[in-house]
Amino acid sequence: MTSAPASQSYVFDPVWEKETERLRTNEAIWDPGTLERLAALGVGPGWNCLEIGAGSGSVASWLADRVGPDGRVLATDLQTDRLGALARLPQVDVVRHDLREEELPEAAFDLVHSRMVLQHLPDRAAAVARMVRALRPGGVLFLEDTDSSTLFRSFLSEDFLQDVRAAGYGLMRESGHDPRGGHVDLQLVLAAGLEATAEGRAVMVRGGSDQARHYMLWLEFMRPRIVGAGLLDDARIDAALADMADPAHHWLSQVLISTVGRRAGGAEPGR
Ligand SMILES: C[S@@+](CC[C@H](N)C(=O)[O-])C[C@H]1O[C@@H](n2cnc3c(N)ncnc32)[C@H](O)[C@@H]1O
């Protein structure tokens, strides 16, 4: 794993001054379900885990705690500055790695997990093949990516924030983000020859919460792009941000699709 040029395809800016907060509020939405599923997979003492695109590190940190001193966690990302505290744990390695073009250790891991990374990449089949090669026989591949069609669905009205969703996700799509990424994950894992299952979950977000803040930061980041493209004006963005800040409002998140595949052969993970 060597240094590589910064991602051209990743839609978000890793050095935007609010990017750490955007990642943390994303964790506030999705961590409970992710950690529940990792626990159900049996992740425990002695496991060797790979967390790809670790972001600000909450899942890798949970894994480190779970595998204990006899296990290992490798946390990778294009931008590893946020993973400094994690890197100080004895059972953790943090490495800058570009999943698009750099190889991973082969047949090494009991678990490879990646959330909301794959759906940003141009050649996802190659990335999945790389992840499968990184699994030892019997190891588990756990991918999480979204279907964004439910985002902002609300009791309030049929069209609540739907213009904002269409504008923002339309531009993200032009930058390489796949709004149906979770569906693609399942197909790619099956095509790679793994036995796989998948299910989806959505979160009901309350306006003004930490979870709502994530969508406000998303819109703040997208604002100059949306306005610059002439899709919506500043007054509409201000009104949408006010709606998102209002605790009287509730809306549905994207559906996060969890795909779990297991590489054939081998003993139970962690043994
Ligand atoms: C939407 S964030 C998700 C972060 C974290 N996985 C989570 O769910 O909390 C996507 C992460 O993937 C990283 N990323 C984007 N492209 C990548 C690539 N080609 N290789 C490795 N990481 C990448 C970004 O730097 C960012 O930390």
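How far does α5 reach from its first C-alpha to its last? This is a predicted model, so every value I give is computed from it. α5 reaches 18 Å with its 13 residues, close to the 18 Å expected at 1.5 Å a residue.

Staying with α5, the buried residues in this helix are Q162, V164, R165, A167, G168, Y169, L171 and M172. These buried residues pack against α7 and α8. After α5 comes G176, and its phi is positive, near 110 degrees.

Now α8, which covers residues 234-245. Which residues of α8 are buried? They are I237, A240, L241 and M244. They cover an arc of only 100 degrees around the axis, which puts them on the same side of α8. As a reminder, an α-helix has 3.6 residues a turn, so residues three or four places apart point the same way.

Next is α2. Here 7 of the 10 residues are buried, so this helix is largely enclosed by the rest of the structure. The buried ones are S58, V59, A60, W62, L63, A64 and V67. What lies over them includes the helices α1 and α3 (84-87), together with the strands β1, β2, β3 (92-96) and β4 (109-115). α2 is followed by G68, which has a positive phi, near 70 degrees.

C49 sits in strand β1. Is C49 buried or exposed? Its relative accessibility is 0%, so C49 counts as buried. Setting aside neighbours within four places in sequence, C49 is in contact with V43, L63, V67, R72, V73, L74, F109 and L111. L63 and V67 in that list are also among the buried residues of α2. For a sense of distance, C49 and L219 are 33 Å apart in space, C-alpha to C-alpha, and 170 residues apart in sequence.

The other one is A198, in strand β6, residues 195-201. A198 has a relative accessible area of 36%, so it is partly exposed. Again leaving out neighbours within four places in sequence, its contacts are L186, I257, S258 and T259. A198 and A239 are 41 residues apart in sequence, and their C-alpha atoms are 37 Å apart in space.

Last, the empty space. Rolling a probe the size of a water molecule over the atoms shows where empty space is left. How many cavities of 30 Å³ or more does the structure hold? There is 1. The volume of this largest cavity is about 710 Å³. Its lining consists of 41 residues, and Y10, L23, R115, M116 and V117 lie nearest its centre. The elements that give two or more residues to that lining are α1 (19-40), β1 (48-52), α2 (58-67), β2 (72-77), α5 (162-174) and α7 (210-228). Which element gives the most to the lining of the largest cavity? That is α1, with 5 residues. Sorted by class, the lining has 16 nonpolar, 16 polar and 9 charged residues.

That is the end of my part.

Conventions. Residues are numbered from 1 along each chain as its sequence is written. This is a predicted model: local features need pLDDT of at least 70, side-chain atom pairs count only at pLDDT 80 or more; totals for chains, interfaces and linings use all residues. Side-chain values use heavy atoms; hydrogens and water are left out. On a 1 Å grid over the protein atoms alone, a cavity is a set of points where a 1.4 Å probe fits but cannot get out, and a pocket is an open set with protein on both sides within 12 Å along at least five of seven lines; lining residues have an atom within 4 Å of a point. Grid points are joined across faces, edges and corners, and a volume is the space filled by probe spheres set on the points. Helices (H or I, at least four residues) and strands (E, at least two) are DSSP runs, numbered from the N terminus. Ala, Val, Leu, Ile, Met, Phe, Trp, Tyr, Cys and Pro count as nonpolar, Asp, Glu, Lys and Arg as charged, and the others, Gly among them, as polar. The expected span of a helix is 1.5 Å times one less than its number of residues. Buried means under 20% relative accessible area, exposed over 50%, partly exposed in between (1.4 Å probe, protein chains only). The arc is that of the directions from the helix axis to the C-beta atoms. Contact means heavy atoms within 4.5 Å.
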